[in-house]
Amino acid sequence: HGDPEGVDWLHCAAQAGNAKAQARFARCLSEGMNVPRDPEAAAHWNAQAAHQGEAAAQLALGLALRTGAGTRRDPRQARVWLRRAAEQNNSEAQTWLGFMLLQETGRRHATDREEGLAWVRRAAEAGFAQAQYLLGICLYAGYGGTAQAPAEALKWFLAAAGQQVLPARILAAFCYY
């Protein structure tokens with residue numbers, strides 16, 4: 001919160017092995033909060049915290065591996081870390097894992113899509129707005145192994161719209177139209 005000394009203390013705690021401090025310091029490095037932005041160092045600290053079971057770091061590491069931000073791109077490892085965070089009830093990780101599984105191709109295509117939809121539904125039911133929006137899209141289009149369900153899709157678009165997700169408002173209006 002604008003205090004460079006606080007970041008120094010956070011760095012000390014991270015170096016001492018505190019997983020929460022490692023994850024928070026990684027966030028500072030990732031976003032350039034009171035330190036120069038450094039995606040590689042952020043990925044390093046997130047990996048340290050992720051190996052200790054810190055869900056926020058597992059999510060951040062999974063997203064970095066998904067895109068290659070500060071580390072090599074590795075979708076398989078991204079799914080591993082997102083799954084670990086998702087299993088700790090991190091709704092954002094559940095949504096990203098679901099999204100990645102919904103995009104899978106290959107032999108397990110249908111199974112991956114069903115699992116992906118289940119993760120998205122779990123996050124949506126927990127109230128995570130982006131998951132509600134994504135679930136609405138899947139239900140509206142009949143994607144991920146579901147039959148088209150416009151009425152249920154509208155329910156999820158309205159839930160996301162109530163949390164200020166603009167595209168959900170647009171799609172809810174489209175459903176009414």
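Guide: The model is a predicted one, in which local features need pLDDT of at least 70 and side-chain atom pairs count only at pLDDT 80 or more, while totals for chains, interfaces and linings use all residues. Residues are numbered from 1 along each chain as its sequence is written, and side-chain values use heavy atoms, with hydrogens and water left out.

A pocket is defined on a 1 Å grid over the protein atoms alone, as an open set of points where a 1.4 Å probe fits, with protein on both sides within 12 Å along at least five of seven lines; lining residues have an atom within 4 Å of a point. Its volume is the space filled by probe spheres set on the points, which are joined across faces, edges and corners.

The largest pocket has a volume of about 470 Å³. Its lining comprises 21 residues, of which Arg27, Ser30, Asn46, Ala56 and Ala60 are the closest to the centre. Two or more lining residues come from each of helix H2 (19-31), helix H3 (39-51) and helix H4 (55-67); helices here are DSSP runs (H or I, at least four residues), numbered from the N terminus. Helix H2 makes the greatest contribution to the lining, with 7 residues.
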